[in-house]
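Morning, everyone. I'll keep this short. Please look at the screen.

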Amino acid sequence: MSRTVLGPFNRVEGDLEVSLEAADGQVSAAWVNSPMYRGFEQILQGKAPHDALVMVPRICGICSVSQSVAAAAALTNAAGAQVPVNGERAINLMLATENLADHFTHFYLFFMPDFAREAYAGTPWFDPVAARFRAIKGSATAEALPARARFLQIMGLLAGKWPHTLTIQAGGSARAVSANERIRLLSMIREFRQWLERHLFGDRLEAVCALESIDDLMSWATGDGPRGADLGRFVQLCDALDLHTLGQAPEVPRYMSFGNYPVEGTPALARGVWHAAAQRLEPMVSSDIVEDLSHAWMAGGGAAHPLKGSTLPDLDKADAYSWCKAPRWQGQVVQCGALSRQVVSGHPLARDMVARAGGNVMSRVIGRLLEIARIVPMMEQWTRALEPGAPFHASVSLPSDGEGVGMVEAARGSLGHWLVIRRGRIHNYQIIAPTTWNFSPRDAQGVPGALEQALVGTPVETGREMPVRVQHVIRSFDPCMVCTVH
C-alpha cells in the first residue's frame with residue numbers, strides 16, 4: 001500500500017490537493033483538501049445587507065452571476081418581495097448564459113485536452129483526437145473561443161459587463177430590455193445555436209433533447225452528422241475507455257437540485273433530490289441542510305443549519321484536513337451539478353445513465369452537454385416572451401430584523417446563500433457552493449464526500465506522478481475551489 005499527495009491540478013479554478021492511498025494498482029481511499037481560506041462570510045458581517053450584492057460576486061470570476069442571483073434571491077426573500085416575470089426572464093437569460101458558457105469552456109478547454117496527453121499515445125484514436133483537442137494548439141480551441149466570446153456578449157447587453165455586474169438586484173433586473181434589443185438577443189442566441197449544431201452536436205438541438213436512453217445515444221452518435229462532431233467523438237472515447245465505469249460513487253445514489261430558471265415562480269428545471277436506488281424524487285427543503293465541521297479547519301464541532309452556522313478558522317484543529325465544510329442533506333452525502341439537474345428534472349437519458357451506472361465520468365460530461373441542448377431553446381423562448389415597457393424590477397424594502405434564503409443552480413450545481421439581518425445590518429451570512437457539496441471532507445460519522453468516494457477504485461499507474469484517470473474523475477466534477485473555501 002502507498003500514499004501519494006497530488007496537487008495543485010492544472011485547469012482547475014483554484015488550488016486543490018488530493019491524498020490517495022493505493023493498493024493493487026487502484027485507489028483504496030482518498031482525502032480531498034481545499035488548501036486555502038478566504039473569509040468572505042466574515043467580511044460580510046456588520047455590513048449593510050445590500051452590500052452583499054457588491055461583495056459576493058467577487059467570490060469567483062467565472063460564476064459571479066450565480067453568486068449575484070443567490071444573494072439577490074436571499075435579499076428578495078428577506079423582504080417578502082416578488083420579482084416581475086420580465087425580471088425573472090432577464091435574470092434567467094443572464095444565469096443561463098454564464099452556466100452554458102461554463103459547460104462549453106469545461107468541455108473544450110478543461111476536460112477534452114486530457115485525451116491528447118502522451119499517456120494515450122499509440123491508441124487507435126489518438127492522432128485525430130489530439131489534433132482536435134490538444135490544449136491551446138488543437139483545432140477545437142481556435143473554433144470554440146470566438147464562439148464563446150460572441151455568446152458572452154449577451155451578458156454585455158443585459159448586464160453591462162461580466163463578471164461582477166450590478167444589474168441583478170433584490171426585486172429583479174435593473175436593466176430593462178427594449179424591442180430592438182430583444183431582436184439582438186435572439187440573434188445572438190441563434191448564432192450560438194448554429195455553432196453548437198454544426199460543431200458540438202452535428203444535429204439539431206431538438207434531436208439531442210429527444211434521446212431517451214444510452215442505447216439511443218450510442219446509436220445516434222454513429223449517424224452521419226453526429227459521428228464527425230465533438231459529442232460524437234466523446235461518445236466514441238467513452239466506448240473505447242469504458243468511461244461509464246470510471247468515477248462512480250455507488251454509495252452516493254442521491255442527486256440534488258435546488259431548481260432553476262423560474263417563470264412566475266415555477267422553475268423550468270425542477271427542485272428535488274432523486275434517489276437513484278429507489279427511483280424516487282424526494283422534496284428539497286432548506287431545513288434539511290446542515291454543515292458538518294468535524295474535519296474542517298473551522299472552530300466548533302457537530303453540524304448546524306446555515307442560518308445558525310459559523311465560519312471561524314481554527315488551523316490547529318485535530319482531525320481536520322480541509323477548509324471546506326461537509327454539507328449534508330438529511331444527514332446524507334449527495335451529488336450536484338448538471339447531471340443532477342437533468343436527473344431531477346426527469347430527462348429520460350439522464351435517468352437512464354444514472355440507473356445503469358450512476359454518476360461517472362461519462363454521465364457527468366453528457367449531463368452538461370445535454371443541458372446546453374435543452375437550455376438554448378428555453379433562452380429563445382424567454383427572449384421572445386420579454387415585454388418591453390413592462391416592469392423588470394419591483395421595489396424592495398428590507399426589514400430591520402429578518403432572514404432570507406437564496407437557492408439557485410450555478411453551472412457546477414446547487415448554490416445557497418443564507419442571510420440573517422439584525423438592526424439593519426448583516427448579522428450572519430453563510431454560503432454553500434456546489435463544489436462544497438461534491439468535494440466535502442469526511443463528516444462526524446467518518447463518511448467521505450462524493451469525490452472522495454468516486455475516486456476509490458480508480459486505476460493508478462505505477463510511477464506516474466499525476467495519474468490521468470484520476471484527473472478524468474476530478475475534472476468530471478469541474479471543481480471550483482475558490483467558491484468552496486469560505
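I'll go through cysteines, then aromatic rings, then charges over rings.

First, the ground rules: this is a predicted model, where local features need pLDDT of at least 70, side-chain atom pairs count only at pLDDT 80 or more, and totals for chains, interfaces and linings use all residues. Residues are numbered from 1 along each chain as its sequence is written, and side-chain values use heavy atoms, with hydrogens and water left out.

Cys 63 is buried at 7% relative accessibility. Here buried means under 20% relative accessible area, exposed over 50%, and partly exposed in between, with a 1.4 Å probe and protein chains only. Cys 238 is in no disulfide either; the nearest cysteine sulfur, on Cys 209, is 19 Å off. Cys 238 is buried too, at 1%.

Now the rings. Rings of Phe, Tyr and Trp (its six-membered ring) pair if their centres lie within 6.5 Å; planes under 30 degrees apart are stacked, over 60 edge-to-face, the rest tilted. The whole structure has 17 aromatic pairs. One of them is Phe 115 with Tyr 120: stacked, 6.0 Å between centres, 25 degrees between planes. Phe 115 is buried at 0%, and Tyr 120 is buried at 4%. Both belong to one aromatic cluster, whose members also include Trp 125, Phe 151 and Trp 195.

Last, charges over rings. That takes NZ of Lys or CZ of Arg within 6 Å of the ring centre and within 35 degrees of the ring normal. Arg 3 lies over the face of Trp 31, 3.9 Å from the ring centre. Arg 351 has its charged end over the ring of Trp 274, at 3.8 Å from the centre.

Methods: Disulfide = S-S within 2.5 Å.
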